[in-house]
Amino acid sequence: MKYLKVLGIIPCYNEESNIKQLINELSAYSDQLDIIIINDCSKDKTSQLCKEENVNVIDLPCNLGIGGAVQTGYLYAKAKAYDIAVQIDGDGQHDPSYISELISPLVKGEADFSIGTRFLKREGFQSSGIRRVGIVYFSMLLRMLTKTQVSDPTSGFRACNKKIINFFAENYPTDYPEPESIMALSRNGYRITEVPVKMRERNGGKSSIRAFKSFYYMIKVTIAIVIDSTRKKQIN
């Protein structure tokens, strides 16, 4: 089998409580993937801790939000000619032991994009009640518009092949990008699959999505998804 270059993209904002443990966990898989930390102008010691652990860090000069941070990772992956990119949240909710299962459909050529989902086996942390409502809502919306069943469309534990690395480097939503990016991939004919994983509850820090933001998030992302569904295919 051809040797494949795999990159773990880890967006971080104020994750000093979690990032060191995640880096230590990922070190057990250093023979399988490289990692790049995208420090989204954190106000805490996130960047300092990463550098003390001797991992590659890109310090963004201003806070771009999750979309801009993740797209920076894809630009890096494209520039360094990686074959596969894996998104891993910096809050420690994503267990690195599932990376090989997540990228397996890509390595076998069975899919272009793989999403780690907590709902296929319903094991591990199932998220808050209000977020589960949003997950079900976006799953139904995407199924209606794309005819594709995605049980965990807000999951940030995802992997993609080189075709999508190149696509995301040029086209990536800005705010709360996961469901909208699935719409864009489906519209362009990319093959999407899901892999069962166990999610973990964050050990420290705060999620960027709070109660009021959840309501704002659902309205904003719904509008973005519907508008995206009307756009023409961007690839041939």
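This is a predicted model: local features need pLDDT of at least 70, side-chain atom pairs count only at pLDDT 80 or more; totals for chains, interfaces and linings use all residues.

Helix 6 passes helix 7 in a right-handed crossing. I looked up the axes next: those of helix 6 and helix 7 come within 12 Å and cross at roughly 120°. I therefore logged helix 6 and helix 7 as oblique to each other.

Which residues meet there, between helix 6 and helix 7? From helix 6 I found Ile164, Phe167 and Phe168; from helix 7, Ser181, Ala184 and Leu185.

Next pair: helix 3 (residues 65-79) against helix 6 (residues 162-170). Their axes come within 8 Å, crossing at roughly 130°. Helix 3 and helix 6 are therefore oblique too. Helix 3 passes helix 6 in a left-handed crossing. On the helix 3 side I listed Gln71, Tyr74, Leu75, Ala77 and Lys78; on the helix 6 side, Ile165, Asn166, Phe168, Ala169 and Glu170. I sorted the residues of this contact into six nonpolar, two polar and two charged.

Then the cores. The largest nonpolar core has 34 residues, and Tyr74, Phe113 and Phe168 have the most contacts inside it. Among the elements that each supply at least two residues of this core are strand 1 (6-12), helix 3, helix 6 and helix 7 (178-187).

What does Tyr74 touch, leaving out residues up to four places away in sequence? I found Ile9, Ala85, Gln87, Cys160, Ile165, Phe168, Ala169 and Tyr172. Another core lies apart from the largest one; it has 27 residues, including Leu26, Leu102, Ile103 and Phe157.

Note on methods. Residues are numbered from 1 along each chain as its sequence is written. Side-chain values use heavy atoms; hydrogens and water are left out. Axes are lines fitted to C-alpha atoms, for helices over the stretch in contact, and angles run from 0 to 180 degrees between N-to-C directions. Helices (H or I, at least four residues) and strands (E, at least two) are DSSP runs, numbered from the N terminus. Angles under 35 degrees count as roughly parallel, over 145 as roughly antiparallel, 65 to 115 as roughly perpendicular and the rest as oblique. A crossing is left-handed if the near helix is turned anticlockwise from the far one by less than a right angle, and right-handed if clockwise. Contact means heavy atoms within 4.5 Å. Ala, Val, Leu, Ile, Met, Phe, Trp, Tyr, Cys and Pro count as nonpolar, Asp, Glu, Lys and Arg as charged, and the others, Gly among them, as polar. A nonpolar core is a set of buried Ala, Val, Leu, Ile, Met, Phe, Trp, Tyr and Cys residues joined through side-chain atoms within 4.5 Å. Buried means under 20% relative accessible area, exposed over 50%, partly exposed in between (1.4 Å probe, protein chains only).
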